[in-house]
Amino acid sequence: MKRLFLTVATACMMMTAMAQQTFFTGGGHVMVKDKAQKKYLLLPVQEDRDGANIQVICNNLTVKSLNVKLAADRVDYFVPLDIEEFGGQNLVFDIEFWGGEKSTSEVKNYLCWTKIRQSESFDTQNRERFRPAYHHSPAYGWMNDPNGMFYLDGVYHLYYQWNPYGSQWENMTWGHSTSKDLVSWTPEQPAILPDGLGAIFSGSCVVDKNNSAGFGKNAVVAFYTSAGRNQTQSMAYSTDGGKTFVKFSGNPILTDESRDFRDPKVFYNEDFGRWNMILAAGQEMKIYSSQDLKNWTFESSFGSGYGCHDGVWECPDLMKIGDKWLLICNINPGGVFGGSATQYFIGDFDGKRFVSTQKTAKWLDYGKDHYATVTFFNAPQNRRVALAWMSNWQYANDVPTKQFRSSNSVPRNLFIFEADGDKFCGSKPSEELLRLRGAIIKQPTEACEILATIKGDTKISLSNTKNECVTISYDQKSKVLKFDRRQSGNVQFSRDFAAETSVKVPGGSKALRIFIDKCSVEVFDSEGKAVMTNLVFPAESYSQITSTGCKTTIYQLNK
């Protein structure tokens, strides 16, 4: 992640105290009057406090609404509220704290009133030791599901669920990053902001090369869930390659009676000659078709009697691979090792109905930290390139980082293979990762890849001088691959974090590829037949390796 300044002004934090008037009106309600004099209002955040809603009022009209955990007695970090558009105008910040009636005397003593500042700049220079070296992460703030991913004119576009006002879930917005190699990512301006229909939940983008929607040839059309009083589906379009979007005046384009109705994935079905949409509705997927991307016809539902139903179904994807169709279904909770995970189904699809002979759940990843998996639209060579959110809803808000929370998995090419008399979805690290390989080294570092050629029952231990370790083992007879992070470092922040995960590798494994980054370890069967993704938070990087039953080669990874 490159260093990002949100202004072209000086890089130093030129903060000035607010020339403000503050009125404590009782019951946890505060009004602050001030004039917008600089680009940002820097808000101090304390994560273990109740949140507050801030209504920004200009000329007696509410122009922005956001939720922030304003600091009471400690500042964990600052977040920027952009007020440049109101330069020179008088603003009212109407603030209501949550968590019941609060005494005026309590609120008056909050630290935030002396720490709030206006500033010309907001510096996002990385100060987190767990910031990944080669995985995508947001410049600051919270990130969860990848959204709207597409490829156009040599550039991969990644949008994502983002909270600009804290490093925990809230204020869902589409953040945006771009890359030419799936590894080095450039932060872009926020793409789609909350509006009167609600927060901006997950969705997808397509490149409308034939102008089906009438927004122009090669317009980028985004579909997303508007999360207001209910969840409805909306669209927006971009004529500048995905940098900025205009919301469709006819939103919402799709409604339903389901309480959980979200995450539209849209694609053009060459076999059917129409656009298809698949989205999640409770514990099933609903499939629609369209000629113009605006008017959608319900075709069928899929889900009853299939797979795991221990949680809400989310973030679907549906794609043709060879002569079969793959339906990805993310679920939370109910994952194979608890919390959130990604299940899948292989079958046939005629543009109207998806049919699968598979009844029981199969999992795309057998670690704890691989969720909301979706693929890029229009990837080169018809590759099915997938990214996942590298975390788990059991503890995602509590992992030991502050400046940012969460990153994405390494990019993976999905494929279908047969083994042990059955069909499976495989995941291979995308070939772009091979270009990161540098010198062969003797011991692991905080950013490296280990290639382990299996010669027998295998055990690999990665450790540091603090006696923290990760253990990866493979039993040749049972074909079971295991990953133990119970002694990996800081596991105390959640009772669900310390865990051992395992998978029976279909057809067995001959070698492993292990990707180590500052806070993650991803273990692939070298042929892509199984994978496990797990976060780790060691006190220092793993600098030692011991192994039996295999030959290991370690590559330094350099961006």
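**Overall architecture and nonpolar cores of the predicted model**

Of the 559 residues in the protein chain, 58% are buried. The structure described here is a predicted model, and its protein chain contains 2 helices and 40 strands. The radius of gyration is 24 Å, close to the 24 Å given by the globule rule for 559 residues, so the chain is as compact as a globular protein of that length. Along the principal axes, the C-alpha trace extends over about 70 × 60 × 40 Å.

Among contacts with a separation of 6 or more in the protein chain, 62% join residues 24 or more positions apart. The accessible surface of the chain amounts to about 22,000 Å², and carbon and sulfur atoms account for 46% of this area. The chain carries 62 positive and 60 negative charges, whose mean positions lie 4 Å apart.

In soluble globular proteins, nonpolar side chains tend to be buried together. In the present model, the largest nonpolar core comprises 34 residues, of which W174, I192, F223, F245, L293 and W296 touch the most other members. Two or more residues are given to this core by each of the strands β10 (141-152), β14 (199-208), β15 (219-227), β16 (231-238), β18 (261-269) and β19 (274-281). The largest share, 6 residues, is supplied by β15. Another core, of 29 residues, lies apart from this one and includes A36, L70, I83 and F86.

The surroundings of W296, one of the core residues that touch the most other members, were considered in detail. When neighbours within four places in sequence are left aside, W296 is in contact with F223, I253, L254, V266, W275, N276, M277, Y288, S289 and S290. Of these partners, F223 is likewise among the core residues touching the most other members.

T173 is located in strand β12, which covers residues 173-179. Its relative accessibility is 4%, and T173 is therefore counted as buried, the cut-off being under 20%. Beyond its neighbours within four places in sequence, T173 makes contact with Y160, Q161, W162, P164, P190, I192, L193, P194 and I200. One of these partners, I192, belongs to the largest nonpolar core. The C-alpha atom of T173 is separated by 14 Å from that of D82, a residue 91 positions away along the chain.

Definitions and conventions: Residues are numbered from 1 along each chain as its sequence is written. This is a predicted model: local features need pLDDT of at least 70, side-chain atom pairs count only at pLDDT 80 or more; totals for chains, interfaces and linings use all residues. Side-chain values use heavy atoms; hydrogens and water are left out. A nonpolar core is a set of buried Ala, Val, Leu, Ile, Met, Phe, Trp, Tyr and Cys residues joined through side-chain atoms within 4.5 Å. Buried means under 20% relative accessible area, exposed over 50%, partly exposed in between (1.4 Å probe, protein chains only). Helices (H or I, at least four residues) and strands (E, at least two) are DSSP runs, numbered from the N terminus. Contact means heavy atoms within 4.5 Å. The radius of gyration is taken over C-alpha atoms; the globule rule is 2.2 Å times the number of residues to the power 0.38. Accessible areas come from the Shrake-Rupley method with a 1.4 Å probe; for residues, only the protein chains shown count as cover. Lys and Arg count as positive and Asp and Glu as negative; His and the chain ends are not counted. The place of a charge is taken as NZ of Lys, CZ of Arg, CG of Asp or CD of Glu.
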